[in-house]
Amino acid sequence: MKIALIGGTGNIGEGLAFRLRLAGFDVIIGSRSESKARLKAEYFNSLVERLGGEGNISGTINDEASRKADVCIITIPWRYAFETAERLRDKLAGKIVISPVVPMVVENGTFRYVPPKEGSAGLKLATILSRSKVVVAFNNIPARRFANPEEKFSWDVAVCGDDEMAKKTVMDIVSEIEGLRAFDAGGLENSPTVEAITPLLINLAKKNKTSELGIRFA
Ligand SMILES: NC(=O)c1ccc[n+]([C@@H]2O[C@H](COP(=O)([O-])OP(=O)(O)OC[C@H]3O[C@@H](n4cnc5c(N)ncnc54)[C@H](OP(=O)(O)O)[C@@H]3O)[C@@H](O)[C@H]2O)c1
């Protein structure tokens with residue numbers, strides 16, 4: 001299965017890229033810049049090979065990555081994710097699109113969830129990408145720890161989606177990544193609750209002076 005990371009050159013893209021490749025998926029790094037995507041792909045390949053895997057991650061512009069992939073993950077900051085989705089709408093039609101997007105702002109040092117009028121980033125993406133199957137997942141993964149190959153974690157991933165087959169596919173993808181366990185979190189109407197956990201995790205880590213936090217349902 002080919003999985004594209006749209007804007008996969010950033011923080012959450014890093015852990016997703018090498019961990020999905022180690023789990024056996026074909027990974028395509030998307031970027032606004034072809035050369036940036038290729039450089040990142042080369043770096044991820046050397047990392048995957050150092051970790052004992054086969055590095056055949058490729059890098060290209062977001063349009064081409066969307067066209068080639070079976071599943072696309074929008075790994076772009078929320079302020080730009082929606083306009084990018086609008087631009088890629090035709091290329092993403094018929095495909096599974098995963099949203100790890102969390103709209104939030106910092107006010108007086110505290111992170112606050114700021115959902116769009118549709119109710120959540122996932123719901124807004126589902127409106128924009130009405131011909132795609134939008135599934136919300138990976139929102140509560142702490143990017144820095146996830147990108148550290150030495151990090152050993154046991155985290156849960158709440159997965160929301162209205163298309164049951166697409167949700168099942170995404171839960172299977174999540175569960176292939178070592179240390180992650182997928183939970184069915186129902187339809188997209190539950191995505192505001194899932195997205196809102198992320199600022200809580202960041203605020204808890206800051207207040208309690210811990211490293212970044214993931215979640216475990218136990
Ligand atoms: N960071 C976390 O801990 C974390 C955890 C869970 C979920 N998330 C979610 O994952 C998404 C990505 O977060 P991140 O921290 O990985 O973001 P990031 O590193 O700040 O940015 C990711 C990529 O987005 C692209 N980008 C930046 N501005 C853009 C624009 N105006 N138009 C199109 N693309 C643009 C850039 O790629 P190019 O320059 O190569 O095009 C950049 O490398 C967010 O929606 C966030 O809510 C983040």
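Reader: Start with glycine 10. Which of its atoms lies 3.4 Å from a ligand oxygen?
Author: A backbone N or O atom of glycine 10 lies 3.4 Å from an oxygen atom of the ligand. Bear in mind that this is a predicted model: local features need pLDDT of at least 70, side-chain atom pairs count only at pLDDT 80 or more, and totals for chains, interfaces and linings use all residues. Residues are numbered from 1 along each chain as its sequence is written, and side-chain values use heavy atoms, with hydrogens and water left out.

Reader: How much of the ligand does the protein bury?
Author: The protein buries 80% of the 900 Å² that the ligand exposes taken alone. Those areas are Shrake-Rupley values with a 1.4 Å probe.

Reader: What about threonine 9?
Author: A polar side-chain atom of threonine 9 lies 2.6 Å from a ligand oxygen.

Reader: How does the shell divide by residue type?
Author: Eleven nonpolar, eight polar and two charged. Here Ala, Val, Leu, Ile, Met, Phe, Trp, Tyr, Cys and Pro are nonpolar, Asp, Glu, Lys and Arg charged, and the others, Gly among them, polar.

Reader: New topic. Is asparagine 140 buried or exposed?
Author: Buried, because its relative accessibility is 6%. The cut-offs are under 20% for buried, over 50% for exposed and partly exposed in between (1.4 Å probe, protein chains only).

Reader: What does its side chain touch?
Author: The side chain of asparagine 140 makes a polar contact with the side chain of threonine 198, at 2.9 Å. A polar contact is a pair of N or O atoms within 3.5 Å; within protein, one must be able to donate a hydrogen and the other to accept it, and residues adjacent in sequence count only if both atoms are side-chain atoms.
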